[in-house]
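Here are my notes on the model you sent. They are set out as numbered points, to be read alongside the sequence and the coordinates.

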Amino acid sequence: MDLKIGLEIHQQLNTKKLFCNCPSILRDDPHDITLKRRLKPVVGELGEIDKAALHELEKGKHFTYQAYSDSTCLVEQDSEPPHLITKDALKAALEISLLLNTKIVDEIQVMRKTVIDGSNTSGFQRTALIAYNGYIKTSKGRVGIESISLEEDAARKIKETKDSVTYRLDRLGIPLIEITTAPDIKDSEHAKEVAEYIGMLLRSTDKTKRGIGTIRQDINLSISNNPRIELKGFQNLRIIPKVIEKEIKRQLRNFPKKPEVRRVNPDTSTTFLRPMPGASRMYPESDLEPIPITKYLLDKIKIPELLTEKAIKLEKEYKLNSEISKLLVKNNLFLKLVKKFPNLKPLFLAQTLVLTPKEIKKRYNLNISKIKPKHFEEILTYYNSKKISKEAVQELLIDVCNNKKINISKYKTSEVSEKEIKKIIIENKNLSFNAYMGLVLKKYKVDPSEVAKILKKLL
Ligand SMILES: [Zn+2]
């Protein structure tokens, strides 16, 4: 079986919108602008109406758009021409292009891609080729990177009825990096590896958005020169192998006659979405001049350190294990706390930052997003000055999750003197170290590490 698999990855950037100055934020509070539109397809460069566009047109729907006067503007409404491309987004695209070993174009020409499902108020999506012909190294050899484009995200679908669709303009115009790999992927597990690796490269730039919906993967799959099928809408990378295997079986049962786009369902099966768009959907954006990529601009682009490399550095420098180091690279607080509390062990700080919250979530099912950097700092300051015990650190973090104020009076360590511990040893002769620990801790509510220190000295 001659299997061809390629990936298309879309990642939102954490900058302003691509062609205006609006913030790239999604909102769920009430909107204050409502627009109604009907869309018509435009004949493309090759003199024909695109198949995918016609498919949508035949549905004959009208569209409603929700917008916010304080976070969207006339560009999203298609009532004003696009502004110059946002510099930070372009810089991020160039960084990513360098990470993926691609050739960067000499001049950026923004194109219009016909989109007639209403998700763009203009009836097209703006997209610009940034780089091409690159590669990444993987466990199963090189995988080519065919192209990297910078494009605007579509509006967000809010609801759909038989004859209308409602979209929200908050997402429209958020910069998206689109990475297309060559069909070099060997099998379904390899597809997951490639998607994970490219995701890690993207996050290494520090200019990508995080969280559900900010990265989307599409898979292109064809068997033995049959038409190409595009699978859209992966929610998480873990299901990639399963979806691919199911799709191969489906295609072997029922060879595809025409290329098509299919939606991935939560149960890993797929359903027909629309015909594959053709080349006729692209034409140049007449409102924007081409942008030359000068040596001056390229010289200012720094290739970021990869998250995997950062993790290895942390592991070595602070004697951590690789699991915790991988979790720590995304945590900006760790290095600050290591500096602030030189007497506390880096491993303890790392555990407190990334493992303790996980544990709290797992054990008590609490909302750990309530724990902010200032809470970690305050609680660790008490522990550092020996006002509370190690155990109390977790207890106080739980209090924060429960919306309680940080109150250490409950957890205050009392003092225990050498004299008192000596007395316990004399009263209970020939016991083990652990037995003495138990006796002392039963009698005094104190920091166990302090007790251990004194016991070691006395025994
Ligand atoms: Zn705007």
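1. D153 and R216 form a salt bridge through their side chains, with N and O 2.9 Å apart. This pair joins distant parts of the chain: D153 lies in the loop between β8 and β9 (156-160), and R216 lies in strand β12 (residues 215-223), 63 residues away. D153 is buried at 1% relative accessible area, while R216 is partly exposed at 25%. Please keep in mind that this is a predicted model.

2. A second salt bridge brings together D187 and K140, again at 2.9 Å from N to O. Here too distant parts of the chain are linked, 47 residues apart: D187 is in the loop between β11 (175-181) and α3 (188-204), and K140 is in the loop between β7 (124-138) and β8 (141-152). D187 is partly exposed at 26%, and K140 is partly exposed at 36%.

3. R27 pairs with D29, their closest N and O atoms being 2.9 Å apart. R27 counts as buried because its relative accessibility of 14% is under the 20% cut-off. D29 is partly exposed at 34%.

4. The whole structure holds 28 salt bridges. Among the linked residues is a network made of R112, R126, E152, E285 and D287.

5. C20 is buried at 6%, and C22 is buried at 7%.

6. On the surface, K242, K246, K249 and R253 gather in a patch of positive charge. R253 belongs to helix α4 (residues 240-253) and is exposed, at 67% relative accessible area.

Terms used
Residues are numbered from 1 along each chain as its sequence is written. This is a predicted model: local features need pLDDT of at least 70, side-chain atom pairs count only at pLDDT 80 or more; totals for chains, interfaces and linings use all residues. Side-chain values use heavy atoms; hydrogens and water are left out. Patches are made of residues with over 30% relative accessible area and no salt bridge: like charges are joined within 9 Å, nonpolar side chains (Val, Leu, Ile, Met, Phe, Trp, Tyr) within 5 Å. Accessible areas come from the Shrake-Rupley method with a 1.4 Å probe; for residues, only the protein chains shown count as cover. A salt bridge is a side-chain nitrogen of Lys or Arg within 4 Å of a carboxyl oxygen of Asp or Glu. Lys and Arg count as positive and Asp and Glu as negative; His and the chain ends are not counted. The place of a charge is taken as NZ of Lys, CZ of Arg, CG of Asp or CD of Glu. Helices (H or I, at least four residues) and strands (E, at least two) are DSSP runs, numbered from the N terminus. Buried means under 20% relative accessible area, exposed over 50%, partly exposed in between (1.4 Å probe, protein chains only).
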